[in-house]
Amino acid sequence: MKTLLSFLLLTGAVWAEPQLFPAAEPVQGRVLLVAEDGQKEAAALAGAGIECLLSHAKTAEELGQDWEWALDRYPWKSSSSQTGNSLTVTASKPRVSLIGLGERAHLAWTARLNGVICIDPSPRVDNYPRWGKKTVGSGQASKVDPSQGLAYERSLIASEPLVLVAPETSDELCNQFEGNVHKAAGSLAEANSAVQKEVRRWIAIQQPLPVIGLPDTKFLPSPNWGVRSLGDKIDTLVIHSTVINTLEGTERAFWDDKERRVSAHYVVDRDGTTVQMVDERRTAWHAGVSELEGRTGVNDFSVGIELVNLNDGKDPYPEAQYQAVQRILQDLRTRWNIPDEHIVSHAAIARPVGRKSDPLGFDFEKLKSMLGPTGRSRP
Ligand SMILES: [Zn+2]
């Protein structure tokens, strides 16, 4: 009986359907949208995995009431832990972002909450009085702590609102705002428009979740990441070589290089030392123009690993590096369904064909033989 039970448990573990996101986190974000109409925008956000409540408030007071109503819709999160005889229960407020749209954008500004987004194509500065940095929220106008994996742009201040303005807005006008002003084209109702992407990215940093990735691994968050839609399938692993000769140099490039704007989920040094730089929920920018089996934009459905290597065809990939990739891949396969044929080189997917050659000299057959049977059938 015991054997049968453990057999069932074992096979259950092996054959469990891979989860895109842990069941406890089905929603990437929750939003109260204050707008004149807002139906289309709310539906578009819902399609992107963000729960959206609508407010038609016309005054700051009405908005305050709607905000309280929105918070009441969601239960406080509580967790308990027991040590000996004492039970500790901790509770935290639900996180809801506030978006003001068009004519109502400045109302959201007046709420003086953290996690506010104002989408105002033609803002008038007198609608956006200065916040007074020290009185924001609970008195903390602190920069996002990058060690928390929340770095959007390290120069941005997360407790100040994000103001999205039309691309033609003058720099002079933008400079008069106290928040983080970005120029973005398109509509919130349009899937993956620049406006919607900015909003989803902002909400992602306002909803801090534990990083999804390799356990016990240094996490050095790169600001170079994009949002994946909830339900986007991750089924591919792209392996690169850095050309940069050191781990430190690569970290700096993914962390600080504002020109090239590149990143990968993992960087593996020659001795196997591994650093994670992007949460797997998010898209890292490693593949560029690319295609796999007719699907373009491989970044959107892949995890990227960079191996420290000169990519000259002579620089060897030491055993420890193979073993580290094996370890990452085995861990990835507890979350995502990545069949052997989707373990690919950057060279194989870069377009036009021949644009990239990395990782030159890496032995994919050897890696696959190290992996053994995947334990999963393809859907
Ligand atoms: Zn590459």
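In the predicted model, an open sheet is built from 6 strands in the order 9-13-12-17-11-18. Its pairing is mixed. Strand 9 (218-219) and strand 18 (343-345) form the edges, each pairing on one side only. Strand 12 (residues 266-268) and strand 13 (residues 274-276) run antiparallel and share 3 bridges. One of the bridge pairs joins Val268 to Thr274 of strand 13. Helix 7 (residues 247-256) packs on this sheet. The helix touches strand 12, strand 13 and strand 17 (302-307). The direction of helix 7 makes about 160 degrees with that of strand 12.

Helix 3 (residues 60-73) comprises 14 residues. From first C-alpha to last, helix 3 reaches 20 Å, close to the 20 Å expected at 1.5 Å a residue. Its buried residues are Leu63, Trp67 and Ala70. These cover an arc of only 60 degrees around the axis, which puts them on the same side of helix 3. The face turned away from that buried side carries the exposed residues Glu61, Gln65, Glu68, Trp69 and Asp72. The buried residues of helix 3 pack against strand 1, strand 2, strand 5 and helix 4 (105-110).

Helix 6 (residues 194-206) has 13 residues. The distance from its first C-alpha to its last is 18 Å, close to the 18 Å expected at 1.5 Å a residue. Buried positions in helix 6 are Val195, Gln196, Glu198, Val199, Arg200, Trp202, Ile203, Ala204 and Gln206.

The largest nonpolar core holds 40 residues. Those with the most contacts inside this core are Val31, Leu33, Val34, Ile99, Ala108, Ile117 and Ile119. Helix 6 supplies the largest share of the core, 5 residues. The surroundings of Ile119 illustrate the packing. Leaving aside neighbours within four places in sequence, Ile119 is in contact with Ile99, Gly100, Leu101, Gly102, Ala105, Leu164, Leu188 and Val195. Another core, of 35 residues, lies apart from the largest one. Among its members are Ile239, Val298, Tyr317 and Leu329.

For the chain as a whole, the secondary structure comes to 10 helices and 18 strands. Of the 379 residues in the chain, 35% are buried. Among contacts with a separation of 6 or more, 61% are between residues 24 or more positions apart.

Conventions. Residues numbered from 1 in each chain as written. Predicted model: local features only at pLDDT ≥ 70, side-chain atom pairs only at ≥ 80, totals over all residues. Pairing = 2+ DSSP bridges. Helix = DSSP H or I, 4+ residues; strand = E, 2+ residues; numbered from the N terminus. Contact = placed C-beta atoms within 7 Å. Axes fitted to C-alpha atoms, helices over the stretch in contact; angles between N-to-C directions. Expected span 1.5 Å × (residues − 1). Buried ≥ 20, exposed ≤ 12 C-beta atoms within 10 Å, placed from the backbone. Arc of directions from axis to C-beta. Core = buried A, V, L, I, M, F, W, Y, C linked by C-beta atoms within 7 Å.
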